Number of protein chains: 4
Amino acid sequence: MSYEVRSLNEECGVFGIWGHPDATRVTYFGLHSLQHRGQEGAGIVSNDEGKLKGYRDLGLLSEVFKDERQLDQLTGQAAIGHVRYATAGNGSVDNIQPFLFKFYDGDFALAHNGNLTNAKTLRKDLEEEGAIFHSNSDTEILMHLIRKSAKPDFSSQLKEALNTVKGGFAYLMMTEDSMVAALDANGFRPLSIGQMVNGAYVVASETCALEVVGAEFLQDVNPGEVITINDQGLTVEKFTDETQHAICSMEYIYFARPDSNIAGVNVHSARKNMGRILSSEAPIEADMVVGVPNSSLSAASGYAEATGIPYEMGLVKNQYIARTFIQPTQELREQGVRMKLSAVRGVVEGKKVIMVDDSIVRGTTSRRIVELLKEAGAKEVHVRIASPPLRYPCFYGIDIQTRKELIAANHSIEEIRSEIGADSLAFLSEEGLIDAIGLKFDAPYSGLCMAYFNGDYPTPLYDYEEKYQESLREKISFF
Amino acid sequence: MSYEVRSLNEECGVFGIWGHPDATRVTYFGLHSLQHRGQEGAGIVSNDEGKLKGYRDLGLLSEVFKDERQLDQLTGQAAIGHVRYATAGNGSVDNIQPFLFKFYDGDFALAHNGNLTNAKTLRKDLEEEGAIFHSNSDTEILMHLIRKSAKPDFSSQLKEALNTVKGGFAYLMMTEDSMVAALDANGFRPLSIGQMVNGAYVVASETCALEVVGAEFLQDVNPGEVITINDQGLTVEKFTDETQHAICSMEYIYFARPDSNIAGVNVHSARKNMGRILSSEAPIEADMVVGVPNSSLSAASGYAEATGIPYEMGLVKNQYIARTFIQPTQELREQGVRMKLSAVRGVVEGKKVIMVDDSIVRGTTSRRIVELLKEAGAKEVHVRIASPPLRYPCFYGIDIQTRKELIAANHSIEEIRSEIGADSLAFLSEEGLIDAIGLKFDAPYSGLCMAYFNGDYPTPLYDYEEKYQESLREKISFF
Amino acid sequence: MSYEVRSLNEECGVFGIWGHPDATRVTYFGLHSLQHRGQEGAGIVSNDEGKLKGYRDLGLLSEVFKDERQLDQLTGQAAIGHVRYATAGNGSVDNIQPFLFKFYDGDFALAHNGNLTNAKTLRKDLEEEGAIFHSNSDTEILMHLIRKSAKPDFSSQLKEALNTVKGGFAYLMMTEDSMVAALDANGFRPLSIGQMVNGAYVVASETCALEVVGAEFLQDVNPGEVITINDQGLTVEKFTDETQHAICSMEYIYFARPDSNIAGVNVHSARKNMGRILSSEAPIEADMVVGVPNSSLSAASGYAEATGIPYEMGLVKNQYIARTFIQPTQELREQGVRMKLSAVRGVVEGKKVIMVDDSIVRGTTSRRIVELLKEAGAKEVHVRIASPPLRYPCFYGIDIQTRKELIAANHSIEEIRSEIGADSLAFLSEEGLIDAIGLKFDAPYSGLCMAYFNGDYPTPLYDYEEKYQESLREKISFF
Amino acid sequence: MSYEVRSLNEECGVFGIWGHPDATRVTYFGLHSLQHRGQEGAGIVSNDEGKLKGYRDLGLLSEVFKDERQLDQLTGQAAIGHVRYATAGNGSVDNIQPFLFKFYDGDFALAHNGNLTNAKTLRKDLEEEGAIFHSNSDTEILMHLIRKSAKPDFSSQLKEALNTVKGGFAYLMMTEDSMVAALDANGFRPLSIGQMVNGAYVVASETCALEVVGAEFLQDVNPGEVITINDQGLTVEKFTDETQHAICSMEYIYFARPDSNIAGVNVHSARKNMGRILSSEAPIEADMVVGVPNSSLSAASGYAEATGIPYEMGLVKNQYIARTFIQPTQELREQGVRMKLSAVRGVVEGKKVIMVDDSIVRGTTSRRIVELLKEAGAKEVHVRIASPPLRYPCFYGIDIQTRKELIAANHSIEEIRSEIGADSLAFLSEEGLIDAIGLKFDAPYSGLCMAYFNGDYPTPLYDYEEKYQESLREKISFF
């Protein structure tokens, strides 16, 4: 399982349904299975015969809708919902989606997963023309572009707007008579469509949400597509033909739930393959393989199975950690008081341990886990990372926008090993990752975005370009 | 990991510390690691130079102490705490422990894990003498017995009281100048003692709490022992010599955290052994082994490792389930909407699956999981239970006090198999379980209580005897 | 005292301060004294060296800022705040003010008391040009007009915008370097300026807020004025010269706190005068005068004092009523269970009572109070209303926008008397009201707006005209 | 109206009903009208065919029962309830009443208004015999005495217990088949009985609660009476014949609601009389009479009416003050920021003011109000107190148990006048108070307890005697 709050976060999950008498409730359960994609806030907008009604608030979905009556008010046969991930220091309900707009000529709702690379420029241009924004999020921009458009109908206005925004985006929209999904030209973020037994169409960021609501998978939304669902059915259009697949590889490595399929590839199986290939690229003799819960259990079991080294539960995570605001003081931490992860002395004492993790960002977490294992008596700890070193920021929807947070950006693997206190350290190769996932698209890296590893961005960076080039010239040290 | 809310629940966890400047905070973190033992309520009583202060409420520990100020008020160098498990329909704060008593001649606090078999009789006798009880729990009885005792000093009063109560109990008490732990004569419930670097003594229901607070394991509390900890150190006494080990086998099978050791045996390792032995007792050819998360992962990996059949993540549990009060309606459930567990189609489709679970109580959960796997395309589902069939109630602290809740009490294994829809079904043998745990005590079943499986209760049943005998004569059917 | 939740509600109160180290806290206390003007929600925006920070939520001020830390985050030397009155069924935080806008070229905050008569047209026009609104309130319109303006500087943009909006408005704004107050050309709503000992300027909807924060009254904001306060001091400009005084007479009758002065006239004294003049216009022999608490106590004491008839506490209001959501069922009401008001049997039994109230809207409340008094044994109940009959809606900020809610719109005084069950009924005359308040402005009705009584609206009704004319033709009956 | 939180507080209000299908809801509304007697906590216990169910919590009644479902669970045809007043620093739900006891031989609930003078001794004696108390309150003692009694039936046990406890008490009890009320031998606290239209009996601390639930007054509970209400009707017994009336005079002066009658005397009328007699005892020429809201409005209007001096609203109280936890800092207070009371400049400026208040405890509030009036421009402020100087503590249920809190205990009237900054100061005489209330009992002071004024306690002080004598010898100074 790969769904916990960490230093590496994605921006949001979306879910929508058209044609179900209990649309809001189905959306609730769909969003619930996407909670790992965002814990800051949640919202749902329903469509009751053309009238849109919404409710949103800060907190987990179960906190936002803690009372059944809040769901019951969102009547109608269609709904879209959103879970938003936690950014530091901006806990305003104004940013929680879906955004609901009430125009004299109709209602409109909008939810967004991703990040635009030309948002700052577009926002300034729009404000200079008199536009007023009510949130910090990029999401509102699309709404302004649509409303400013001189095109004669909504469909043309939307396509024009989608061609104006750049970067990574999966939009889910509700108009008075339709639900519309759109994906950027590179298909960075996953977005899938399913159908329930009663014929209702479902759109979701991950296929696990389709399973949870009992919907059958129909098709993925492809790069550059606009999909409109209404009472007449589903129609697929393209807003651009300059498309390619550059699916975010971090979805496979870390973000997505193991029971989701992305572009037809099961995430758990991909992770098991990463562990398997890692074990052949970086073999080591040891007494046991231990995965860092919860995100690295698949990779660890792949490593163990391929090598025959027993897979053991050498680390245990407290499942009640999520909502505890009380943390050990520095003094208590120094006395060894820990809350989140425990190393199992009875398992690791006196043993050579292979510790498998999915990735290393700053290295602080890895250092702490190695320390835990050693304090619990592990004789040796060999760290194996089931992805290549993270060296470059992401501008398409993952919350790493500076190289300063990435230990591998300026440090060698040996330096990292020394820093985290491991007896040995190895990463999966880029080729190994591509093989493990096994996409077959006719595109660079078989259809994956590998920019975090090699800096090869599939699009221009627009507003971020200058700062990015500057960061490449910086000398960053963590020590 | 084995710590979720289920139909099979234990009664409570306790934690205490003596001699630490931040005693309440350490107790908070200790209790936090015992949260799996009780989610209905929590409380802490601190000792500030002889003055006891307490706070308790309904809810998870993190809900009870959601504000750091509540902890800060519980000043002092010693503290005891308690987490209480959820019983149906009795959500009163009056039952949340530790109980804090203010007598004219001093303060006293009391926390309890277990169940007394002669509570009803004792309570009636005490009430007839004028005693007033303020809760439904058995726990208050000990306090009344101590206060009524004609013995000259607290130690003698306590021992007299401990010899009067019967059944399973692990008591943790705070007087003005000491912390006292006591365990029943059969040692049904686990209770361990550790020491922190600064010399502070720690008492906890499970050793995982010692690890979490950075304490080193010193010794288990043995059957019939009273352990007193004060500023002069630790002293061990016995309140009875008629003792034996009859450790609750369900602690190993299901309740305890995998990183805990009970009587020196690591729980994860014991579970792995159960899976391993189960695989030899009930082998089957299949494509994969799937564990039911979270409690059966250790047993499943043991099964897989012993057979060489790949261990796969065919079931995924939504980690945000715990506090969601909104559930699918019957109609949505029939449409396939599910919240808690998802079967991973990409993994199990077209495959022969061995599904490993720790136990079967009513059978309804097992039936639902088999169904899930089959709906996700599993070709065959072979259920393997890593413990013997549950056939008899427990009167020492586990929340099964009637045979009516136990499908195996009156149905054959073949009947159960048919009911849960599995292609085959097998349970671990009693011998297999005893071997897997591997205790070496000179006592029946090597020191385990096996009564749930074979009705061999290590003590008289007192107040429960009549009802129990009656239940044995009843003909119970689930179908 | 006149500050309770009733069927007659005003729209909001504003408070602002410039130049105080504890600006937010002073704003809190100022708003607290204006709580009677709005209980749906509250908010504060502070200005910390040009950076604006805001917090707002649904609920009473004390609920919105229940934690001191929420105030402490709003740092800075200036702040504006707003309390919003409760409208039925629109409990969205989106409508709670002040609105805070973050533009690429600076921050801006806006609070509003009043109602625009051309809002619908302006909003449609703006939306057709691409504007996006985020709330239902009229308030945003001003912001759009300012941002769309082609004028070269903020001051000119604001004046242009103020000349475009029509109706009743008292705006309070915060820019990065100033606080700006503006009042409509008819001065419908009160707005006053004061100064604290340290030199800080204070703006408030009522002078009671100046007193509460220890500020000395400086001047009222006059119709058509824009007042800018910054570090250089206070400057007064006019956005129009076509101004007159048409102060809302309901402020004197019902809304404002008795300790406020409006246009130099103390509200309590004005009400006492209303009671006094009413007693001479509609005298009656009786044993006692009873005021309906809390809003009619001043008028009742004026009536009593002028006639020499004793003023008695024949009605008692439960001061804890405000936040009780549990109400007697219909059955219990029929059994005489009442919560809000009690008639004092020991006072009224067997007596002839003059019951003084401030106004009659639907008549249902009056009927209930007469009934209460009679059930408590009053021999006769003579109702005296200290204002003329309400016959016409208000479009400038009071929540009566239809004649259907006004019993006097289509019923004679005798019909009303019969409906409410009084032994006699009389209203204050229009002349009596004007005399009682005693304004001396060179304007119709000495400077009062009397439209609710006589339909003489001081401005065109714009978007409301058509519906209003239609309502005049309707035949409305309450019986 | 006299019901606000002050430095002078009473201990609690009780309400009960027998024989109504909606007993709990009626109890809710009855308690709601007694909320002024206690704001710390509230609770209700219902009786559903012999099974007692309870709910209680800290907070106002409307906070404790904020959800209708909490009321709905308390089913049955009878109920008793309690509101508890706020004591500093002991906010534990354990002390909130009614206390609900579950014995093997039946359920029992107990609520209490008053204070026992021999509680400490009784508690120690009981604990020495093994009794365990669960709260700090005196209330539990009665329960222990009943259960310890050797008498053969409940009625005899109760009477024995009532003769053992000393001091002031109004008990309300619920057994499985009856509701029982009992009043101490001096009748310190009020307790009345009424009947609803359907025949249901109602017991309440004040008659205002009877009015509010539509019940007709039947009779007061007299000193030394035990009243039992069950399905057969109402029976009156006495537990002692040594009785007299010594009704708490502070009930008339300050505590009770003005619409209540105590011993047949209306509280508002008594207060008006106090003002009237005060005006003849201590006349002064002035421009107006101003009452301190809310508790002194009756007395002030009596003073005004008797003298012909106009009664004016020179002080306004913010009705939203109750639940505001944010208070002005010392610095803001010095700048004149005030929240609770405002003086009305437009009324008092340049005027000679008679300020009428009900009592003076420490004098700090009086000083602040005089200051407020002078800052608002009052030329002279003459303070008239509608009761004699408070010089002695109360041990029967009012929260003044030490002379240290009473400025009049050791200071002359001239010293107090100087301290509070008044131009003159006068108190009502003891005779004046007795006349104003006008009881006719054949007992000292016509049936009033006047101990706070003259130290003439109607009973021995038992556990308080020593400390009291000591306090008489202390030299206390406030300056």
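Which residue in S10(B) stands opposite B:Gly194? This predicted model gives a direct reply: B:Val202.

## Strands of chain B

Strand S9 of chain B spans residues 192-195. Strand S10 of chain B spans residues 201-204. The two pair in the antiparallel sense over four bridges. Together S9(B) and S10(B) form a hairpin, with five residues between them. One residue in the turn is B:Gly199, and B:Gly199 has a positive phi of about 100°.

S9(B) has another partner, strand S11 of chain B, at residues 216-220. Four bridges join S9(B) to S11(B), and these strands run antiparallel. Within S11(B), B:Gln219 is the bridge partner of B:Ile193.

## A:Cys12 in chain A

The UniProt annotation "active site" covers A:Cys12. That label comes from an unreviewed entry. A:Cys12 lies in the segment before strand S1 (13-18) of chain A.

Is A:Cys12 buried or exposed? The relative accessible area of A:Cys12 is 4%. Buried means under 20%, so A:Cys12 is buried. Leaving aside residues up to four places away in sequence, A:Cys12 touches A:Arg37, A:His82, A:Val83, A:Arg84, A:Tyr85, A:His112 and A:Asn113.

## Two helices of chain D

Two packed helices are described by the angle between their axes and the distance between the axes. Take helix H9 (residues 267-281) and helix H10 (residues 297-307) of chain D. Their axes come within 7 Å and cross at roughly 50°. H9(D) is therefore oblique to H10(D). The crossing is right-handed.

Which residues of H9(D) meet H10(D)? Among them are D:His268, D:Arg271 and D:Leu278. On the H10(D) side, the residues include D:Ser298, D:Tyr303 and D:Thr307.

Conventions. Residues are numbered from 1 along each chain as its sequence is written. Chains are lettered from A and ligands numbered from 1 in the order in which they are written. This is a predicted model: local features need pLDDT of at least 70, side-chain atom pairs count only at pLDDT 80 or more; totals for chains, interfaces and linings use all residues. Side-chain values use heavy atoms; hydrogens and water are left out. Two strands pair if DSSP finds at least two bridges between them. UniProt positions are given in the numbering used here, feature names are shortened, and annotations may be inferred rather than shown by experiment. Buried means under 20% relative accessible area, exposed over 50%, partly exposed in between (1.4 Å probe, protein chains only). Contact means heavy atoms within 4.5 Å. Axes are lines fitted to C-alpha atoms, for helices over the stretch in contact, and angles run from 0 to 180 degrees between N-to-C directions. Angles under 35 degrees count as roughly parallel, over 145 as roughly antiparallel, 65 to 115 as roughly perpendicular and the rest as oblique. A crossing is left-handed if the near helix is turned anticlockwise from the far one by less than a right angle, and right-handed if clockwise.
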